[in-house]
Amino acid sequence: MSTFPQPFKSTVSHWQATNRGVTSLFNHGRDGALPKDTVDYVIIGGGISGCSLAYHLTRPGVADAKSVVLLEAKDVASGASGRNGGHIAPLSFAAFPGLTAPLPQGGAGLTEDEALEVIEMEKGNLEYITELVEQEKRDVDLWRGEKLEVKSSVGSAKTMKAAHDAWINARSHSRFAHIPPHWQWIDDAEEAKRLSRAKGAIACSKGSAGSVHSHKLTTAFMRAALASGNCSLYSWAPVVSFEESEDGWTVDCGERGKISTRQIIVCTNAHTRHLFKGEAIDKHLTPFQGQAALVTPPPSFSGSNYLAHTYTLEKGPYLMFTPSAGIVLGLPYVVAFAEGIGEKRDVWEVTDDSYVKPELKKWLYEYCGKAFDDWGDEAPGEGGTRVWSGIQCASRDTLPLVGAVPGRKGLWVNVGHHGHGMGRIPFITRSLARTITTGQWDGRLPSCFEITEERLVKGQTAPPFITDEEMRGETVPTAGRTGDGAKTVNKGGWWSGVRSFVR
Ligand SMILES: Cc1cc2nc3c(=O)[nH]c(=O)nc-3n(C[C@H](O)[C@H](O)[C@H](O)COP(=O)(O)OP(=O)(O)OC[C@H]3O[C@@H](n4cnc5c(N)ncnc54)[C@H](O)[C@@H]3O)c2cc1C
């Protein structure tokens, strides 16, 4: 169980290291007393989920004149939101088989229509973030362009083509039929190699994607909420527990004191379980460690030679670039397992982000030199520059838990975003703010995200991400879900879907 205060100092990401000035929110509200009067909304957790929700609740016409308090255990974006790859990569057709695979096989168990809806929504998230950043002139290093999912083996390319065809076919008789498909499948080795510059590329997908300075974006949401005058932020205010009271809830922040509120929204992602100990939500979620690195490219990949796309690479990382600092690589756990540099217990249930295993660091630092044509020699200071870890939150059915906690009036959650929160959270919290204030599920959001008792029960039919024996190191991983692919859905096709969830 991950609780705060944590007994270690976390690694520092590129994003956290480059947003320390006076416009950052480090230490904001660290010393002040918590409000004595009952507030309307307490949000727990200051990642992109909590901060963008605070932003949405404080927009005119949403919850006018209602008071919002955000309680963060450490600093804003000290969790996964400040430690990710910064990739806003909508799911592609590669996710379609995983979304429609049955729960017992490790899929999300959705109908084709539901899966299409999730994929379309993610395109909406990218467009929504772009519009918001441009309209409000937020200085968050937003880049818009295209992402490539590069395949270098015949088997993988075949699986991707099958996923593409299934997606196109399902789409053609769905309510999205009139909208041109937003992902392309390029089955031409020459073109795949030209576009990607990756050694051994034989095919790739291509579709809209973006990247952003994730710490600046999260901070920008919070700053806008604070500027509304209806929101306060208390950093270093870890919530120990909450309990129902006569007119709402009492939230216990340990040494920081207690606060009364009418409604609570839990946005603690990987650290949610201890707040629901022994409950169905506890059983539905599994924390896991992810790792990423900043690589300073040599001149061969700088200036006019800079990368033009973001990527996922077969047996490789997901990869994006910052406007000027270089390339950020994230390591999907399936790749770490396949490469023999990590095993399940290095990932699942790990809630400590104070270290990166040396083998993983080495792999990330050496990757670009091995994967790209003409990378060339690195001067001292080029190549791997910084490496960090962060804790994410997997959900049994691979979908986020959003909305009202069944049977607990005035208690809401937005958690379980896997390695993919940038690809969906701001869009989700816009709808969640509306749902909270109107009491009606916002139809812009896929209904399969809604938390229900039935869903939590069904979720238990999905295999666990790690078994007790695997935790103890007593068995070699065999389960198809996160191991070596021995029992994967569609003979390995599932992995392409799973990978889509982890970036
Ligand atoms: C290495 C890595 C790479 C990733 N790359 C990408 C990517 O490129 N693209 C993408 O879409 N996603 C990526 N992700 C996933 C993405 O970062 C997450 O899905 C997203 O940030 C989740 O946001 P959140 O606000 O829900 O959680 P978090 O950012 O983790 O925020 C939760 C916050 O709650 C606080 N908290 C927890 N418990 C308490 C408590 N009891 N009291 C008070 N506060 C509490 C924590 O301190 C934390 O700040 C990556 C993640 C990692 C770790």
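Trainee: How far apart do the end C-alpha atoms of residues 40-432 lie, and what share of the span is helix and strand?

Mentor: Those end C-alpha atoms lie 16 Å apart, and the span is 30% helix and 26% strand. Keep in mind that this is a predicted model. The UniProt record, an unreviewed entry, places the feature "domain: FAD dependent oxidoreductase" at residues 40-432.

Trainee: Why is the contact of Glu120 with Lys123 called a salt bridge?

Mentor: A salt bridge needs a Lys or Arg side-chain nitrogen within 4 Å of a carboxyl oxygen of Asp or Glu. For Glu120 and Lys123 the N to O value is 3.5 Å, so the pair meets that cut-off.

Trainee: Where do Glu120 and Lys123 lie?

Mentor: Both belong to helix α4 (residues 112-135), three residues apart, about one turn of the helix. An α-helix has 3.6 residues a turn, so residues three or four places apart point the same way.

Trainee: How do you know whether Glu120 and Lys123 are buried or exposed?

Mentor: Buried means under 20% relative accessible area. Glu120 has 8% and Lys123 has 17%, so both count as buried.

Trainee: What makes Arg408 and Glu279 a salt bridge?

Mentor: Their closest N and O atoms are 2.9 Å apart, and the cut-off is 4 Å, so the pair qualifies. This pair links distant parts of the chain, 129 residues apart. Arg408 is in the loop between β16 (401-404) and β17 (411-415), while Glu279 is in the loop between β10 (258-266) and α8 (280-284).

Trainee: Why is Glu279 called partly exposed?

Mentor: Its relative accessible area is 28%.

Trainee: What about Lys357 and Glu359?

Mentor: Their side chains meet in a salt bridge at 3.6 Å, N to O. Glu359 has a relative accessible area of 37%, so Glu359 is partly exposed too. Elsewhere, salt bridges that share partners join Glu120, Lys123 and Arg171 into one network. The structure holds 26 salt bridges.

Trainee: How does the reach of helix α11 compare with what is expected?

Mentor: Helix α11 (residues 358-371) has 14 residues and reaches 20 Å from its first C-alpha to its last, close to the 20 Å expected at 1.5 Å a residue. The helix also bends by about 35° at Tyr365.

Trainee: Which residues of α11 are buried, and what covers them?

Mentor: Among the buried ones are Leu360, Trp363, Tyr365 and Cys368. Their cover includes β11 (285-296), β14 (327-331) and α9 (333-338).

Notes:
Residues numbered from 1 in each chain as written. Predicted model: local features only at pLDDT ≥ 70, side-chain atom pairs only at ≥ 80, totals over all residues. Heavy atoms only, no water. Helix = DSSP H or I, 4+ residues; strand = E, 2+ residues; numbered from the N terminus. Expected span 1.5 Å × (residues − 1). Bend = angle between axes of the 7 residues up to and from the residue. Buried < 20%, exposed > 50% of the residue type's maximum accessible area, 1.4 Å probe, protein only. Contact = heavy atoms within 4.5 Å. UniProt positions renumbered as here; feature names shortened; annotations may be inferred.
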